[in-house]
Amino acid sequence: MSRLTLISHHLCPYVQRAAIALLEKGVPFERINIDLADKPDWFLKISPLGKVPLLRIHEDDGREEVLFESSVICEYLEETQAGAALHPTDALTRARHRGWMEFGSSVLSDLWGYEMAQDAAQLEAKHKALVAKFATIEGALSEGPYFAGANFSLVDAVFGPIFRYFDLFDTLGDSPIFDGLERVNRWRKALSERASVRGAVGKDYPQRLMEFLEKHDSILLRMPAAA
Ligand SMILES: N[C@@H](CCC(=O)N[C@@H](CS)C(=O)NCC(=O)O)C(=O)O
């Protein structure tokens with residue numbers, strides 16, 4: 001049995017997908033959080049893009065492999081680890097799920113622009129983009145509780161960390177993004193209650209996210225209700 005180490009960052013939503021997949025599979029792993037503002041040399045040597053997550057695989061015979069890119073890591077875990085399947089068995093449905101995982105990455109890119117917006121116009125543009133994307137997802141969602149129904153999948157692992165941002169953002173006073181999206185709201189609740197989603201971050205996550213927003217002087221902290 002090989003040992004696994006997930007090279008991580010406390011807040012990274014891409015790391016969280018891999019952590020969720022590991023937790024869902026019940027695979028023991030060590031998590032090492034690094035400071036992305038001061039990347040250690042050992043990390044730069046093994047991370048081709050200088051990004052987390054990395055999955056370090058320590059083989060019994062002393063060999064070591066490193067995987068980068070969260071979706072690659074999730075797919076590798078799905079292919080190699082026992083435990084509940086996180087992808088559908090049908091090839092077409094699986095391909096469709098991979099598309100929605102990519103969609104989740106594009107939501108994360110909008111979210112980054114949303115929390116880093118420099119002025120009200122940029123914030124408004126990103127807010128609109130997010131509203132449009134979640135309206136699109138509403139049309140793709142099953143009856144729930146999860147993306148495709150009763151079984152938790154990698155699409156859920158991608159969106160759990162996305163919804164987590166809004167647990168803090170909702171307290172800051174921007175206009176709501178999920179209003180009227182019945183399925184999205186139900187999905188968000190189911191994901192927030194899932195043990196693997198909860199366990200993918202530390203207890204201090206909200207405080208760390210708040211500190212991150214403060215450090216970057218996020219416009220979200222200057223909304224009327226946040227002041
Ligand atoms: N496409 C990558 C994105 C990973 C990513 O953007 N990680 C961020 C943290 S959330 C990072 O390591 N940023 C450091 C940098 O870009 O210098 C994946 O899916 O793994």
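## Basis of the values

The model is predicted, so local features need pLDDT of at least 70 and side-chain atom pairs count only at pLDDT 80 or more, while totals for chains, interfaces and linings use all residues. Residues are numbered from 1 along each chain as its sequence is written, and side-chain values use heavy atoms, with hydrogens and water left out.

## The ligand and its shell

In Lys 39, a side-chain N or O atom is 2.5 Å from an oxygen atom of the ligand. For Ser 70, a polar side-chain atom lies 2.6 Å from a ligand oxygen. Val 52 takes part through its backbone, with an N or O atom 2.9 Å from an oxygen atom of the ligand. The ligand exposes 510 Å² when taken alone, and the protein buries 73% of that; these areas come from the Shrake-Rupley method with a 1.4 Å probe.

## The largest pocket

The ligand sits in the largest pocket, meaning that more than half of its atoms lie within 2 Å of the pocket's grid points. A pocket is an open set of points on a 1 Å grid over the protein atoms alone, with protein on both sides within 12 Å along at least five of seven lines; lining residues have an atom within 4 Å of a point. The volume of this pocket is about 1,000 Å³, counted as the space filled by probe spheres set on the points.

Its lining has 37 residues, and His 9, Cys 12, Pro 13, Leu 36 and Trp 112 lie nearest the centre. Of the helices, α4 gives the most to the lining, with seven residues.

## The cavity

The structure holds one cavity of 30 Å³ or more, a cavity being a set of points where a 1.4 Å probe fits but cannot get out. The largest cavity has a volume of about 50 Å³. Its lining includes Tyr 114, Phe 166 and Asp 170.

Technical notes
A polar contact is a pair of N or O atoms within 3.5 Å; within protein, one must be able to donate a hydrogen and the other to accept it, and residues adjacent in sequence count only if both atoms are side-chain atoms. Helices (H or I, at least four residues) and strands (E, at least two) are DSSP runs, numbered from the N terminus.
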